[in-house]
Amino acid sequence: MPLRLPPLSPLRFFEAAGRLQSFRLAAAELKVTPSAVSHGIAGLEEYLGVQLFDRGPRGLSLTPAGADYLAYVSEALAVLAVGTRRLPAPRARPGLSLTCAPTFASRWLVPRLAAFRARWPDVDVSLDTSPRQAGFPTDGFDFAIRMSRTAAAGPAWTRLFAERLVPLCSPAYRDSLCGPGGDADLRRAVLIHVPAASEEWQDWLQATGLENMEPAGTMRVDRLDLAFEAAVAGLGVALGRRPLVDDEIAAGTLVAAGPTIDAETAYWLVARDGADQEPALAGFRLWLLDEMSGSVRT
């Protein structure tokens, strides 16, 4: 008797929407429209005769049947991805694929990739900085660089370095904040916030005993690199992440407007299963750890 299989294309929509708890985020990840995801899942529910999601005013959530089915679908897609990877590769050149945040890529990784290419000239590198949480092994990445407070269960996690938070601004802006004692008074400052990392300002203010401080104003930008550029331009004080801002500090375009504290988050290298068995991937991991040990400044 042939297997009773549902239409396979909507299963990918269902897996992404169930994992992300959002049709919109699933559509962005799969590079289709939210309408396509919604209609595909509705068709899957009609085929199965089971409601997989509750679509309420507070958002999307899996039904108990949907949550149970998601575990099987995720496992099936993962097995399929592993099986596909084990097929003989048609390409002659080895390659590696990596996903990480755009700010980390532009400020730390990309300027150093030439050193890796010099050591491994025959390895093709694919770098993805899309704003999504990549899954192993379904998304096909060899490595991910992630921010987290602790390692997670699953693929191998290697701690790269912890961030250190320091308020930064242009030298002229800092001079405008200084009182008679010579210290910068952040009550006179515009604090530059990045909504996705807004809790970091709270952490810094609490750690330095300034949690009740009222700044002169706030400015919001949607990316960390824009926050740093705004600080260089004299628009306010941004919360810098070292070592990502070490070049600006060394050049003197940004100066500290307060003490540095250790953040609770760290950067981690996450590897897919079997990465250490492939010479190019093992070489990348060793190169990255060597670069980290030599570049993180005090």
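Analyst: Begin with the cut-off: a residue is buried when its relative accessible area is under 20%, and exposed when it is over 50%. Keep in mind that this is a predicted model.

User: Which residues are buried in helix 3?

Analyst: The general idea comes from helix geometry: an α-helix has 3.6 residues a turn, so residues three or four places apart point the same way. In helix 3, the buried residues are V37, G40, I41, L44 and E45. They lie on the same side of helix 3, because the arc they cover around the axis is only 140°. H39 and E46, on the other side of helix 3, are exposed.

User: What covers the buried residues of helix 3?

Analyst: The cover includes helix 1 (8-20), helix 2 (23-30) and strand 1 (53-56).

User: How does the span of helix 3 compare with what its 15 residues should give?

Analyst: Helix 3 runs over residues 34-48, and at 1.5 Å a residue it should span 21 Å. Its end C-alpha atoms are 21 Å apart, which agrees. After helix 3 comes G49, with a positive phi near 70°.

User: Is helix 5 largely enclosed or exposed?

Analyst: Count its buried residues. Six of the eight residues of helix 5 (residues 102-109) are buried, so helix 5 is largely enclosed by the rest of the structure. The buried ones are T103, F104, A105, R107, W108 and L109.

User: How many residues does the largest nonpolar core have?

Analyst: In soluble globular proteins, nonpolar side chains tend to be buried together. Here the largest nonpolar core has 25 residues, and those with the most contacts inside it are F104, L109, F143, I145, L160, F284 and L288. Elements that give two or more residues to this core include helix 5, strand 5 (143-148), strand 6 (156-169) and helix 11 (279-295). Helix 11 gives the most, with six residues. A second, separate core has 17 residues, including L191, W201, L239 and A263.

User: Which residues does L160 touch, leaving aside those up to four places away in sequence?

Analyst: L160 touches I145, Y267, W268, L269, L288, L289 and M292 on that count.

User: How many disulfides does a search of the whole structure find?

Analyst: The test is whether two cysteine sulfur atoms lie within 2.5 Å. The search of the whole structure finds zero disulfides. For C169, the nearest cysteine sulfur is that of C178, 8.2 Å away. C169 counts as buried because its relative accessible area is 0%, and C100 is also buried, at 4% relative accessibility.

How values were computed
Residues are numbered from 1 along each chain as its sequence is written. This is a predicted model: local features need pLDDT of at least 70, side-chain atom pairs count only at pLDDT 80 or more; totals for chains, interfaces and linings use all residues. Side-chain values use heavy atoms; hydrogens and water are left out. Helices (H or I, at least four residues) and strands (E, at least two) are DSSP runs, numbered from the N terminus. The expected span of a helix is 1.5 Å times one less than its number of residues. Buried means under 20% relative accessible area, exposed over 50%, partly exposed in between (1.4 Å probe, protein chains only). The arc is that of the directions from the helix axis to the C-beta atoms. Contact means heavy atoms within 4.5 Å. A nonpolar core is a set of buried Ala, Val, Leu, Ile, Met, Phe, Trp, Tyr and Cys residues joined through side-chain atoms within 4.5 Å.
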